[in-house]
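Dear colleague,

Please find the structure we spoke of below, with the sequence beside it. My notes on what was found in it follow.

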Amino acid sequence: MNIKSKVQFLRFAQEIAAEVGQTLQKRNPASLRIHASEIHDVKIEADLKAERKIIQYLSKNSQLPILSEESGEIRNTPSSQTDSELRWIVDPLDGSLNYIKGIPMSGVSIGLWYAEVPILGVVYDIFRGDLYSGIVGDASWKNRRKINVSRIQLKPDSVLCTGMPVKNDFARKTLHAFISGFQEYKKVRLLGSASLSLCMVASGAAEIYQETNIQIWDVGGGIPVVLGAGGNVAFYKTLVSQYTYDVRATNGSL
């Protein structure tokens with residue numbers, strides 16, 4: 001895919017992410033109505049409405065397949081045989097519980113991937129109105145300003161962003177393994193939004209993001225932003241579900 005096509009797809013993602021994100025800023029009572037609640041997760045009306053709007057827009061403007069958190073795989077007609085492995089990966093509301101509680105860490109995440117290769121991504125910070133964008137191999141931006149990862153090289157000087165995804169078990173052994181490495185870092189932050197945690201790495205506010213068994217739509221928009229900003233990302237599929245991965249994103253110096 002040439003850079004002109006990437007820019008066009010990026011603009012599609014930016015436009016709909018910003019539009020949906022600005023609508024979500026209103027947080028009216030109807031949007032907070034709970035549709036489904038699990039032990040460590042919740043789905044609300046805002047998730048479903050945001051997803052419908054994003055899917056409708058992307059389907060109309062690109063005709064590419066879409067993988068979305070709420071609806072799963074959506075098979076649109078590819079625009080060409082060359083594009084058959086391209087697909088959008090969408091999380092319409094990353095950080096739903098934060099959103100319900102008014103904790104200001106929730107985002108709209110949209111990524112374009114070729115099979116398991118990230119191409120570009122967009123994350124809209126709902127509470128702050130910031131738009132993070134990135135094209136792998138080119139650059140990343142916060143709104144219109146170019147961003148880069150930090151240059152910190154030592155763990156004792158760095159900030160780790162992490163979390164406990166809903167697909168993880170919460171047994172004592174798992175929790176012990178989860179916290180065992182925390183003392184290596186200056187600070188550890190659990191933000192409740194994987195997409196915005198990745199944007200913290202991309203913009204230099206944190207040096208590393210790491211989670212196990214995270215769903216691909218939680219990181220599909222943020223991974224390209226880190227890569228475009230000069231960071232490194234390693235991700236490996238796990239056996240917990242079809243869409244879970246272990247992900248480690250760094251500034252490239254750790």
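The domain assignment, which is automatic or taken from a database, divides the chain into domain 1 (3-147) and domain 2 (155-250). This is a predicted model, in which local features need pLDDT of at least 70 and side-chain atom pairs count only at pLDDT 80 or more, while totals for chains, interfaces and linings use all residues. Residues are numbered from 1 along each chain as its sequence is written, and side-chain values use heavy atoms, with hydrogens and water left out.

The centres of the two domains, taken over C-alpha atoms, are separated by 19 Å, and the contact (heavy atoms within 4.5 Å) takes 36 residues from domain 1 and 28 residues from domain 2. Between them the domains bury about 2,500 Å², 68% of it on carbon and sulfur atoms; buried area is the accessible area (1.4 Å probe) lost by two parts on being put together, summed over both. Across this interface the rule finds zero salt bridges (a side-chain nitrogen of Lys or Arg within 4 Å of a carboxyl oxygen of Asp or Glu).

An open sheet of mixed pairing is formed by eight strands in the order β4-β3-β5-β6-β7-β8-β9-β10, where strands are DSSP runs (E, at least two residues) numbered from the N terminus and pair if DSSP finds at least two bridges between them. Because β4 (72-74) and β10 (145-147) each have a single partner strand, one side of each is left without a neighbour in the sheet. Strands β3 (residues 66-68) and β5 (residues 86-94) run parallel, joined by three bridges, and Ser68 stands opposite Val90 in β5.

Best regards

Conventions
Helices (H or I, at least four residues) and strands (E, at least two) are DSSP runs, numbered from the N terminus.
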